[in-house]
Amino acid sequence: MNILILSGSPRKNGNTDLLVEAFCKGASEKHHVEVVSVHDYTVHPCMGCNACFTNESNTCVQKDDMYVIYSKLANADMLVIASPVYFYGLSAQLKAVIDRCHNPIRDTFHIRKAALLLVGAASLPELFDSILKQYQLCINYFHIEDMGHVLVRGAKEKGGVRGTKVLEEAEALGQTV
Ligand SMILES: Cc1cc2nc3c(=O)[nH]c(=O)nc-3n(C[C@H](O)[C@H](O)[C@H](O)COP(=O)(O)O)c2cc1C
């Protein structure tokens, strides 16, 4: 498979990046894996104008880096969403990329599998509830199969997950997809 990982943390080499690295280590044994750290791309939020649904070329009126990400999404068989928890949600950088998929170009995508890597500072049982709900509703809508999650609580400082068993979990998930 071509696996595309959309990694949402602006903090380089932080906990999300470490989870992504571990997942890649496992998944690269059998698959081609590409990581897009969305913070490295300029992607403006969707303006809701719906011009992409009405103009002939289905292009977005915003000329930014989203076109690079569209082509990567179009080549992907599996999508991995990796994010820090920001106020019980995904990072804004990642949400902007997801919202820009409100575009008919998504009909050219053939993503059939997905997985989720999340990390937050709190140890609350409900920490991931809203993201998990949103993820489940979206994959149901697009008939995408869930391949699993790694959900990490209690990691606040940069590199807090280093040397912990959650990295083994992420690597194992990569091996099983
Ligand atoms: C803007 C912002 C909002 C955050 N909101 C939450 C939150 O709602 N719950 C939580 O447990 N941690 C929250 N955190 C902490 C991060 O999720 C945590 O530090 C995580 O390890 C960051 O991952 P990273 O190293 O990949 O950036 C927040 C951090 C930031 C910067």
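Modeller: Of the 46 residues in the largest nonpolar core, the ones that touch the most other members are Leu19, Val80 and Leu117. A core here is a set of buried Ala, Val, Leu, Ile, Met, Phe, Trp, Tyr and Cys residues joined through C-beta atoms within 7 Å; buried means 20 or more other C-beta atoms within 10 Å of a residue's own, with C-beta atoms placed from the backbone. Mind that this is a predicted model: local features need pLDDT of at least 70, side-chain atom pairs count only at pLDDT 80 or more, and totals for chains, interfaces and linings use all residues. Residues are numbered from 1 along each chain as its sequence is written.

Biologist: What does Val80 touch?

Modeller: Leaving out residues up to four places away in sequence, Val80 touches Ile3, Ile5, Phe23, Ala115 and Leu117. Contact means backbone-placed C-beta atoms within 7 Å.

Biologist: Now the sheet. What's the strand order?

Modeller: S2-S1-S3-S4-S5, an open sheet with parallel pairing. Strands are DSSP E runs of at least two residues, helices H or I runs of at least four, numbered from the N terminus, and pairing takes at least two DSSP bridges. S2 (32-37) and S5 are at the edges with a single partner strand each, so one side of each has no neighbour in the sheet.

Biologist: How many bridges between S4 and S5?

Modeller: Six, in the parallel sense. Lys113 stands opposite Glu145 in S5.

Biologist: And what do the buried residues of H6 pack against?

Modeller: Helix H1 (15-27), strand S4 (113-119) and strand S5 (145-152). Those buried residues include Val166, Leu167 and Leu173.

Methods:
A residue is buried if 20 or more other C-beta atoms lie within 10 Å of its own, exposed if 12 or fewer, and partly exposed in between; C-beta atoms are placed from the backbone. Two residues are in contact if their C-beta atoms, placed from the backbone, lie within 7 Å.
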